[in-house]
Amino acid sequence: MLKTYFSKNTWSFKKTLKKFIGNFFKVLGVLWLPISIVNFYSKEGILKSWIGESWVYLIIISVLFSFILSFPRLKRVIQTENNTVKIIIKVGNIFKQKGYSLIIPINDNLEYETVSLNSVHVQYAKSLKNKGIDYDKALKSSIKKNNIESIGTELKTKYSLGTVIEMENLNNKFSKVFLVVTARLNSKKIAIPEGEDLKHSLNKLWLYLVHNGKKDKLVMPIMGSGNNKLIDSREELIYQVIETFWKNFYTHENKITEEILIVINPSSFERNKISLDEVANGIQHICIRQHHKHYRR
């Protein structure tokens, strides 16, 4: 993670310098205010003598606090209209986020042993197996419990796009875990969704949460990235999640969630040169547009 903090897409010299200068004068103003007040009420006028002796320390303190305040953050919180939903974009490890319900994109064969090791599905299954939990057995149990029907044959079981499998609470870090089918697996064990597959799957996911969720806080990776990516731009994939969310949010009167956290893998963040500021601005634009579109009806 330390490497991520100093990646080129995290640091922007012009933006950081501008932020540093602004924070410097803010901190200096905050420190100067009590000195001015004391000087005003002081009979001896201590301000002049104090500045003469300690102004260097005042500057040093202002510089140090300005540096801390200007240090790039790997997290953005987007304020939505009327603060109805909190949307957070963060770079980090999705499995270190606590107090959320985890959403995991999977393929229609539920295959995980032959796909990329970077897949969230693979990592989740591995984390349970490391705890001595039979993931395959737990998965079959969840499918049976939720009465989910397959569309494949006895030899090759498949599940339709948008199928949501709600797993039992096997990991104490998460309130619930929702597996959602977002891609089809071909004969070479590569997930290759068509253009509308992700959008369709996301709409089915939001609809499932409307009827079966409890407005839990949600955490998810960038849906559609990795080996089953639809398009090259990670930013566009994030925007598609937000677009489909808001459409369902307004249709079903805020019955989905009050917080969404999208976690970006550090290596993906660096490799794809993702700008958190640009993503946050894009999400803010979507939120405003969807809000105005809904209330113009």
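Biologist: Why is E196 called exposed?

Modeller: Its relative accessibility is 52%, and exposed means over 50% relative accessible area, buried under 20% and partly exposed in between (1.4 Å probe, protein chains only). So E196 counts as exposed. A word on the background: this is a predicted model, where local features need pLDDT of at least 70, side-chain atom pairs count only at pLDDT 80 or more, and totals for chains, interfaces and linings use all residues. Residues are numbered from 1 along each chain as its sequence is written, and side-chain values use heavy atoms, with hydrogens and water left out.

Biologist: What makes E196 and K199 a salt bridge?

Modeller: Their closest N and O atoms are 3.9 Å apart. A salt bridge is a side-chain nitrogen of Lys or Arg within 4 Å of a carboxyl oxygen of Asp or Glu, so the pair qualifies. The structure holds eight salt bridges.

Biologist: Why is E243 called buried?

Modeller: E243 has a relative accessible area of 19%, so it falls under the 20% cut-off. Its side chain meets that of R289 in a salt bridge of 2.1 Å, N to O. R289, at 35%, is partly exposed.

Biologist: How do you know that D277 and R76 tie together parts that are apart in sequence?

Modeller: The two form a salt bridge, with the closest N and O atoms 2.9 Å apart. D277 lies in helix α9 (residues 276-295) and R76 in strand β1 (residues 75-79), so the pair ties together parts 201 residues apart in sequence. Helices (H or I, at least four residues) and strands (E, at least two) are DSSP runs, numbered from the N terminus.
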